[in-house]
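Dear colleague,

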Amino acid sequence: MIKFFGAPMSSSGRTRWMLEEVGVPYEYTVVNLHDEEARRRYLEIFPGGKVPYLVDGDVKLFESMAINFYLAERYGPELLPRDLELRAQVYQWSFWSITNLQPEALKYMGHGAFAPDDERGVRHKDEARASCRRYLDQLETSLTGRYLVGDSFTVADVNCGSIVNLTQRANVGVGPKVAEWMDTLRGRPAWKRASQEVSLR
Ligand SMILES: N[C@@H](CCC(=O)N[C@@H](CS)C(=O)NCC(=O)O)C(=O)O
């Protein structure tokens, strides 16, 4: 059975969602990233020390989006279009979201929640919010249908949607098409199953 290592409120959320989408059985080990002893034990399993990490027989993978592409390819090929152009768009939106939107969303959340409310903190926060808005505006104008790429749900919806979800949690504010798209994603049974709380071990 697939072994999946993750933690609540982390990048592993998108992998858990993907595992639920493809419907393959998996054993979920929740890593307590706040506990030194748990982290030390985890380093013996995965020297990179980050979540998510996935072991599927001889296949051992880190990086949430790489794992999601693997899961789609192997267990949910309908989530990765055969058509070259559509497939390229799946990669495009996935990389776009993890290299553009996610760093700004994390910066915004970090400065909002943890930084002292001095001038520098406020400036960083405002800049990060403006960057998020710029990317979310681009997404708003690009969304033409129910899903991000083509006519059906793909791994791009998982990869990009999981990051847009971050910006919504941070109250960045999204346009109506993005909001509707996110509602569609949140309505998926796999999203709901993946959002269930798990206790730390
Ligand atoms: N780009 C990686 C990010 C992985 C990552 O940074 N995970 C964080 C949690 S969101 C982590 O495990 N942090 C623990 C650490 O840095 O030791 C991915 O998408 O999988």
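This is a predicted model: local features need pLDDT of at least 70, side-chain atom pairs count only at pLDDT 80 or more; totals for chains, interfaces and linings use all residues.

The domain assignment of the chain gives two parts, domain 1 covering residues 2-78 and domain 2 covering residues 81-189, and their C-alpha centres lie 22 Å apart. To the contact between them, domain 1 brings twelve residues while domain 2 brings 19 residues. Together the two domains bury about 1,300 Å², with 63% of that area on carbon and sulfur atoms. On the domain 1 side, Trp17, Met65 and Phe69 account for 46% of the area buried against domain 2, which is more than any other three residues supply. Two salt bridges are counted between domain 1 and domain 2. As for individual side chains, Glu73 and Arg87 form a salt bridge, with an N to O distance of 3.8 Å.

Turning to the helices, the axes of H1 (residues 12-22) and H3 (residues 64-75) come within 9 Å and cross at roughly 5°. Because angles under 35 degrees count as roughly parallel, H1 is described as roughly parallel to H3. From H1, the contact draws on Arg14, Thr15, Met18, Leu19 and Val22, and from H3 it draws on Ser64, Met65, Ile67, Asn68, Leu71, Ala72 and Tyr75. By residue class, this contact of H1 with H3 is made up of eight nonpolar, three polar and one charged.

Methods:
Residues are numbered from 1 along each chain as its sequence is written. Side-chain values use heavy atoms; hydrogens and water are left out. Axes are lines fitted to C-alpha atoms, for helices over the stretch in contact, and angles run from 0 to 180 degrees between N-to-C directions. Helices (H or I, at least four residues) and strands (E, at least two) are DSSP runs, numbered from the N terminus. Angles under 35 degrees count as roughly parallel, over 145 as roughly antiparallel, 65 to 115 as roughly perpendicular and the rest as oblique. Contact means heavy atoms within 4.5 Å. Ala, Val, Leu, Ile, Met, Phe, Trp, Tyr, Cys and Pro count as nonpolar, Asp, Glu, Lys and Arg as charged, and the others, Gly among them, as polar. Domain bounds come from an automatic or database domain assignment. Buried area is the accessible area (1.4 Å probe) that two parts lose on being put together, summed over both. A salt bridge is a side-chain nitrogen of Lys or Arg within 4 Å of a carboxyl oxygen of Asp or Glu.
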